[in-house]
Amino acid sequence: MKKVILALLILSTISVGLKAQNKNGNVLDLKHSITDSAIVYPESFETDIQKLKESWFIKNYTATDDRYATEPDVEVSEEIIVERLGALPNVIEMPYNQIVRSYIEKYTKGERAQVSALLGLGLYYNPIFEQALEEQGLPLELRYLPMIESSLDPNAVSKHGAAGLWQFMLGTAKGLGMEVNSLIDERRDPYLSSEMAASYLKGLYESYGDWSLAIAAYNCGPGTLNKVIRRAGGEPKDHDFWSVYNYLPEETRGYVPAFIAVNYVMTYYPEHNISPVLPTSPLVMDTIHVSDRIHFDQISQVLDIPVEELRILNPQYRADIIPGTTDSPRNLILPSQQIHAYLMSEEDIKNYDADKYAVRGKVEPGDALVAVEETEIWAEPLSKPSDKVELDGEKTTIIHKVKAGETLASIAKIYEVTPEDIKKNNNLRRNAVRVGQQLRITTGAPQAVMESTVAAVTGNNKATQSDTDAKKTSTKKTSTTSTPTSHTIKKGETLSVIAKKYGVTISALKSANGMTNDNIRAGQKLKIPAKKTGTSKSTTSKSKTGSKKKRN
């Protein structure tokens, strides 16, 4: 019995000695001989490759060929891979083993399209990563970590809730002072998140004194890694990633091998027939401080920059809103050639559709989106026709103050326009209207006719004789005015609305355009058939009908 106990003690001592000596390779060099038949690949390998290839940046800033798809991978011997890894200009050790080989083949054989896309995205993101790493004095090979973390998607969110290029968890991000709320998520900011990641990695390296452990801790967290090291036994300083490999969480086991593999592939991709990627447009960006609440649509419309480009350059703004204030200005990344244009057009940007994007700062109780007071309508001829709505013939604009029970549809019906016309003319995003709200209604009817409609709707019996004479004159003018020969369909219009506008029947309209159904689309041009010569009777009847409807 004593002999058995003694033998067990000797074996235990040898086991601890092996663990302590593994890092120095005196007995068993695990980093070269280790194998794993149950490799779990990081989430980044589940990336939607088609979405990655069709991203706005790839399509507009880079050019690739399809060699990665038409030419197969080149078989490479173990000796060549070892030689190539040894030739990398890296500080971080990158050994070769069966697990690293499996990741290299995963990239060069199974994920060739992903590598091609990553090469393109790297043209923009790698300089950002390198600058952040350089400021902290860290090895530049760490710039490839985000490729494993997020496949260079700044809006990537893991199944655990990590977000951004560097995949920060919410708690870690807030602990580093990053802002996350409904409008802004600084984990998605390429510049700020890279600065935070470099600072965080520096702290991890100072804690463990080994880059392979620091990288593993970045993936699973220092708390988890400390437990792993304790389970492995021996002194922490005697361990590296490979000596604690079998104690690590499954996904973390593939993290360092993937890091080594991506360094290899990003350097030697031409030798594996993966397409080269070239920039097709200048990649020079610059930053401007925004001290107002600005929507991407306002910038896009004034500077003629696609909203998608603003989103890819500024992914931290989750709702397309830059919540800048005088006390807390926000960064906006733009192509350098657009910076001057923004500065020159700043007031125009702020004022573009300002009402549409304004935030109500004060609301009185009972100020609902329904009307509760009398309707007041008055004519207000335009001094300058609106450029928001295209109308044929003479233009007249009136101001309509909403009353109780009215809707956008009922108001549109009064003035024989569409709800979409009113929304567009007043920069409305919803169909709701509120008490006392003043709506600009632009119509092609002559002013005198519209005043008659206003009087009928409001029951205003104080019309003067001159108003009556003007109405008669306008009625005669309307009956003799020639009908326009064509009409460009606006959003929201129907055949019924168009036919009514030009005083023709729907069947005549369809016949003139060779239509077999009622389907029309915005932007389509319709021929307007000539209408029969009318008299003032039809117009007068129409006015009476409108009055009757309103009284009912």
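Let's start with Gln437, which counts as buried because its relative accessibility is 11%, under the 20% cut-off. The model here is a predicted one, and the protein has 552 residues, of which 44% count as buried. Its secondary structure comes to 27 helices and eleven strands. As for contacts between residues at least 6 apart in sequence, 71% of them join residues at least 24 apart.

**Gln437 and its surroundings**

- You'll find Gln437 in the loop between α22 (419–425) and β9 (438–443).
- Setting aside neighbours within four places in sequence, Gln437 is in contact with His400, Lys401 and Val402, and also with Leu428 and Ala432.

**The largest cavity**

- Searching the whole structure turns up three cavities of 30 Å³ or more, and the largest has a volume of about 60 Å³.
- Its lining is made up of Asp73, Val74, Glu75, Val76, Ile81, Arg101, Ile104, Glu105, Thr108, Lys109 and His272.
- Sorted by class, that lining has five charged, four nonpolar and two polar residues.
- Helix α7 (residues 98–110) gives the largest share of the lining, with five residues.

**Helix α7**

- There are 13 residues in α7, and the helix reaches 17 Å from first C-alpha to last, close to the 18 Å expected at 1.5 Å a residue.
- Asn97 caps the N-terminal end of α7, with a side-chain oxygen 3.0 Å from the backbone nitrogen of Ile99.
- Buried residues in α7 are Ile99, Val100, Arg101, Ser102, Tyr103, Ile104, Tyr107 and Thr108.
- The helices that the buried residues of α7 pack against are α6 (78–87), α8 (112–136), α9 (145–150) and α15 (255–268).

**Val290 in strand β3**

- Val290 sits in strand β3 (residues 285–290).
- With a relative accessible area of 1%, Val290 is buried, because anything under 20% gets that label.
- Leaving out residues up to four places away in sequence, Val290 touches Ile322, Gly324, Thr325, Pro329, Arg330, Leu332 and Tyr342.
- Val290 and Asn331 are 41 residues apart in sequence, yet their C-alpha atoms are 6.2 Å apart in space.

**Gly209, between two helices**

- Gly209 belongs to the loop between α11 (190–208) and α12 (211–220).
- Its relative accessibility is 47%, so Gly209 counts as partly exposed, a class that runs between the 20% and 50% cut-offs.
- From Gly209 to His239 is 30 residues along the chain, with 9.9 Å separating the two C-alpha atoms.

**Two loop residues with positive phi**

- Leu152 isn't a glycine, but its phi is positive, near 60 degrees.
- Leu152 has its place in the loop between α9 and α10 (170–175), and it is buried with a relative accessible area of 2%.
- Asn273 also has a positive phi, about 60 degrees, although it is not a glycine.
- Asn273 is in the loop between α15 and β2 (277–279).
- At 15% relative accessible area, Asn273 is buried, because the value is under 20%.

Notes: Residues are numbered from 1 along each chain as its sequence is written. This is a predicted model: local features need pLDDT of at least 70, side-chain atom pairs count only at pLDDT 80 or more; totals for chains, interfaces and linings use all residues. Side-chain values use heavy atoms; hydrogens and water are left out. On a 1 Å grid over the protein atoms alone, a cavity is a set of points where a 1.4 Å probe fits but cannot get out, and a pocket is an open set with protein on both sides within 12 Å along at least five of seven lines; lining residues have an atom within 4 Å of a point. Grid points are joined across faces, edges and corners, and a volume is the space filled by probe spheres set on the points. Helices (H or I, at least four residues) and strands (E, at least two) are DSSP runs, numbered from the N terminus. Ala, Val, Leu, Ile, Met, Phe, Trp, Tyr, Cys and Pro count as nonpolar, Asp, Glu, Lys and Arg as charged, and the others, Gly among them, as polar. The expected span of a helix is 1.5 Å times one less than its number of residues. Buried means under 20% relative accessible area, exposed over 50%, partly exposed in between (1.4 Å probe, protein chains only). Contact means heavy atoms within 4.5 Å. A polar contact is a pair of N or O atoms within 3.5 Å; within protein, one must be able to donate a hydrogen and the other to accept it, and residues adjacent in sequence count only if both atoms are side-chain atoms.
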